[in-house]
Amino acid sequence: MLVLLFILFGAMAIGCALAVVAQRNPLYSAISLIGVFISLACLYVMLAAPFIAAVQVIVYAGAIMVLVVFVIMLLNVEEEEHRRSRLRFLVPAAVALAAVLIAEVAFILVSVQESRVVPTSSASDVGLTQSIGAALFTRYLLPFEITSILLLMAIVGAMTLARRSGLLGSRDQLKRD
Amino acid sequence: MEPQLSWYLALSAVLFTIGVVGVIIKRNIIAMFMCIELMLNAVNLTFVAFASFFQDVTGQLFVFIVMTVAAAEAAVGLGIIITIFRNRETLDVDDASILKL
């Protein structure tokens with residue numbers, strides 16, 4: 001049963017990820033990426049991590065992708081036109097690199113012996129919100145505080161970059177005058 | 001038969017590889033941005049799989065922090081994309097090959 005679910009959600013994740021790369025319209029890529037996030041959230045539930053799955057859906061599929069779709073619509077991006085790329089060798093290079101990476105993964109899968117650890121049952125409390133919160137506010141308090149400073153820096157940086165009359169904007173106006 | 005740890009690692013590697021290929025072959029800067037998000041998610045799957053199989057909560061905490069960094073990256077990165085579009089009227093990375101505005 002779990003194997004069937006793994007195959008279903010894994011195939012969904014890989015298919016949506018291929019669609020992200022294959023689509024020419026960025027909006028379709030964004031919607032395929034939401035599919036990847038949802039199927040990864042289902043895999044997290046299978047791995048007995050319900051809190052991470054909920055955060056994945058809320059933060060990634062909710063907040064970040066809404067931001068990306070908002071920017072795509074704000075900039076009114078048209079489909080990529082077919083024009084001659086200056087770096088024509090990039091596509092074969094990318095395919096060759098991907099083949100090498102996949103071959104390495106296959107080699108590891110074949111050669112490394114299977115681990116005997118069994119996945120967690122629902123009786124374990126690893127992955128519940130209580131255990132994550134307890135560890136986050138006791139043992140890992142310093143990374144938590146550093147994260148808050150990082151978010152503050154991101155807010156200030158995004159506002160400075162995106163406002164019209166910022167540092168860059170005023171210099172542009174000087175150049176135009 | 002239960003899904004093994006190596007299955008999750010292989011799925012994560014495949015997703016990461018697709019993200020790398022996307023970053024290399026895409027020319028639209030927003031599409032490249034989304035492929036970077038795809039790579040971050042592939043690594044998150046590895047962390048959650050190890051945390052679950054080794055009964056350790058640290059991996060899931062690391063996923064939590066990676067998500068925060070991804071949110072900060074989204075905010076700053078989209079700000080940079082908007083600024084580039086305002087200055088150049090294009091999102092093609094080949095047209096943004098010089099640092100001069």
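Q: What radius of gyration does chain B have, and what would a compact globule of 101 residues have?
A: The radius of gyration is taken over C-alpha atoms, and the globule rule is 2.2 Å times the number of residues to the power 0.38. For 101 residues a compact globule would come out near 13 Å, but chain B has 17 Å. Along the principal axes, the C-alpha atoms of chain B fill a box of roughly 55 × 25 × 15 Å. This is a predicted model, in which local features need pLDDT of at least 70 and side-chain atom pairs count only at pLDDT 80 or more, while totals for chains, interfaces and linings use all residues. Residues are numbered from 1 along each chain as its sequence is written, and chains are lettered from A and ligands numbered from 1 in the order in which they are written.

Q: How many helices and strands are there in chain B, and how many in chain A?
A: Helices (H or I, at least four residues) and strands (E, at least two) are DSSP runs, numbered from the N terminus. Chain B has three helices and zero strands, giving the pattern α-α-α along the sequence. Chain A has seven helices and zero strands, and its pattern reads α-α-α-α-α-α-α.

Q: What share of each chain is buried?
A: A residue is buried if 20 or more other C-beta atoms lie within 10 Å of its own, exposed if 12 or fewer, and partly exposed in between, with C-beta atoms placed from the backbone. In chain A, 21% of the 177 residues are buried. In chain B, 49% of the 101 residues count as buried. H1(B) is mostly covered, with 15 of its 21 residues buried.

Q: Which residues does Ser12(B) touch, leaving out those up to four places away in sequence?
A: Two residues are in contact if their C-beta atoms, placed from the backbone, lie within 7 Å. Ser12(B), in helix H1 of chain B, touches Ala42(B), Leu45(B) and Thr46(B) on that count. Ser12(B) and Thr46(B) are 34 residues apart in sequence, yet their C-alpha atoms are 6.2 Å apart in space. Ser12(B) counts as buried because 24 other C-beta atoms lie within 10 Å.

Q: How many residues of each chain take part in the contact between A and B?
A: Chain A gives 72 residues and chain B gives 61 residues. On the side of chain A that touches chain B, H3(A) gives the most, with eleven residues. For classes, Ala, Val, Leu, Ile, Met, Phe, Trp, Tyr, Cys and Pro count as nonpolar, Asp, Glu, Lys and Arg as charged, and the others, Gly among them, as polar. That side of chain A has 60 nonpolar, nine polar and three charged residues.

Q: Which residues touch the most other members of the largest nonpolar core?
A: A nonpolar core is a set of buried Ala, Val, Leu, Ile, Met, Phe, Trp, Tyr and Cys residues joined through C-beta atoms within 7 Å. The largest one has 65 residues, and Ile30(B), Met34(B), Leu38(B) and Val48(B) touch the most other members. H1, H2, H3 and H6 of chain A, together with helix H1 (5-25), helix H2 (29-53) and H3 of chain B, each supply at least two residues of this core. H2(B) has the largest share, 13 residues. Apart from neighbours within four places in sequence, Met34(B) is in contact with Val20(A), Ser29(A), Ala30(A), Leu33(A) and Val68(A).

Q: Why do the buried residues of H6(A) line one face of the helix?
A: In H6(A), Ala154(A), Ala158(A) and Leu161(A) are buried. Seen down the axis of H6(A), its buried residues fall within an arc of 65° (the arc of the directions from the helix axis to the C-beta atoms), so they line one face. These buried residues pack against helix H3 (58-88) of chain B. The face turned away from the buried side carries exposed residues, including Leu141(A), Glu145(A) and Met159(A).

Q: Where is Ala48(A) found, and what is its phi?
A: Most residues other than glycine have a negative phi. Ala48(A), in the loop between H2 and H3 of chain A, is not a glycine but has a positive phi of about 60°. Ala48(A) counts as buried, because it has 24 C-beta neighbours inside 10 Å. Gln55(B), in the loop between H2 and H3 of chain B, has a positive phi near 55°. With 14 C-beta neighbours inside 10 Å, Gln55(B) counts as partly exposed.
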